[in-house]
Amino acid sequence: MTTELRVLRQADWDAWYGTLELAFGGVAEAPEEAALWRELARFDRSIGAWDGPEVVGTTGAFAFRITVPGGAVVPAAGVTMVGVRPTHRRRGVLRAMMRRQLDDVRAWGEPIAVLTASEPGIYGRFGYGTATHSLRVTVDTTRVRLAVPDGTDEVRLRLSKPEEARDACEAVYARRVAARPGMLERQPGWEAQPLLDPADQRAGASPLQCVLAEAGGEVVGYARYAVNVEWTQAGPNGTVRLRDAEALTPAAYAALWRYLCGIDLTSRVTCFSLPVDDPLLHLVGDARRCEPAVRDQLHLRLVDVGAALAARTYRTPLDVVFEVADDFCPWNAGRWRLTGDPKGASCERTEDAADLVLSVRELGAAYLGGVSLAALAAAGRVTEVREGALEEAATAFGGSVAPWLPHGF
């Protein structure tokens, strides 16, 4: 089989997107969702694999900016819409597209590539490491009680239509971006994505709702959610389905959760994506009744090892030589001396002896500070050559908050 890789043309969109839908089971998305993805897609950054006249593979890359430890916002390729037609799987189509895409990302000068994986086992062989995890909760609001901080009662809550509250919510989100590694700046047009609410995908829930938290006349937080009302022989047993929530103060965040846990006719709040260190776990009196569960979230690859490691800061001073294996992007392979501290860093090629040996996948996993190099070493994926180097690097790469991605793509 011979396939040709081509940059996507607007005229090819329907065939290209149809192949993507086939790769994900053949279920067509809601028209408004498909229309938004077409609007957001970067045709010049999207690739199709053609077998004759037929599109057999798809992938794209948004132009994002991601927060890294230290608060800098770094260009990153947001890999998306990856699929291969069922008739052409296991024939090298995906590998060829990933190879071409990473070459392109390097040429664009973006030192990092990120993605969320439908199947997490796929992307490790292309150098992606699991860099963030997300927390899922189902809060039993009939039993859980919240211990809220001082000032919570002074926060005013106001219901608003999601579209009317969009700008206020986006302003809060923008102020939160620098506070947590892994968060993405919202690029123009993306403000519509959190508001997608196709009626045929609500699974019996209400339309999307929004509550704003206000203090001093300013919006300081928001929560967007839907409600499933269910009735049993014993009475109402509904579910609040929290989509997203952000707040600028502890009191505002507590006020939002107290509101969500007190909505009439409901007995639980579910949320599929919170930071693993979310304050909710310290607001509730019984975290077990929240049924916390953790899963992989953002997968990250260093496309330019030197530029990526120099772009972030480090919690403690370090001076370490990494010997990096990277068969898929050989320009990264070799020894790199990383020196850094909380104020800045540099990372340059070196001939000095290695202190730690690892692959680019482990560096990607540890990059945002949510996965410990020491934990990876315990799994046999990092080798310490110089005694003490592992503790030095693991401590320096860590952070005060867990990285997290609240921005879908």
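Modeller: Buried means under 20% relative accessible area. Keep that cut-off in mind; this is a predicted model.

Biologist: Why is Asp 355 called buried?

Modeller: Its relative accessible area is 8%. The limit is under 20%, so Asp 355 counts as buried.

Biologist: Where is Asp 355 placed?

Modeller: Asp 355 sits in the loop between E19 and E20.

Biologist: Which residues are in contact with Asp 355, leaving aside neighbours within four places in sequence?

Modeller: Among them are Asp 319, Val 320, Val 321, Thr 383, Glu 384 and Ala 389. Contact here takes heavy atoms within 4.5 Å.

Biologist: How do you know that E17 and E18 pair?

Modeller: Pairing takes at least two bridges. Residues 318–325 of E17 and 334–341 of E18 share seven bridges, in the antiparallel sense. Val 324 has Gly 334 in E18 as its bridge partner.

Biologist: What is the strand order in the open sheet?

Modeller: The order is E19-E18-E17-E20-E21, with mixed pairing.

Biologist: Why do E19 and E21 stand at the edges?

Modeller: Each has a single partner strand, so one side of each lacks a neighbour in the sheet.

Biologist: What does helix H10 touch?

Modeller: H10 packs on the sheet, touching E17, E18, E20 and E21. Its direction makes about 100° with that of E17.

Methods:
Residues are numbered from 1 along each chain as its sequence is written. This is a predicted model: local features need pLDDT of at least 70, side-chain atom pairs count only at pLDDT 80 or more; totals for chains, interfaces and linings use all residues. Side-chain values use heavy atoms; hydrogens and water are left out. Helices (H or I, at least four residues) and strands (E, at least two) are DSSP runs, numbered from the N terminus. Axes are lines fitted to C-alpha atoms, for helices over the stretch in contact, and angles run from 0 to 180 degrees between N-to-C directions. Buried means under 20% relative accessible area, exposed over 50%, partly exposed in between (1.4 Å probe, protein chains only).
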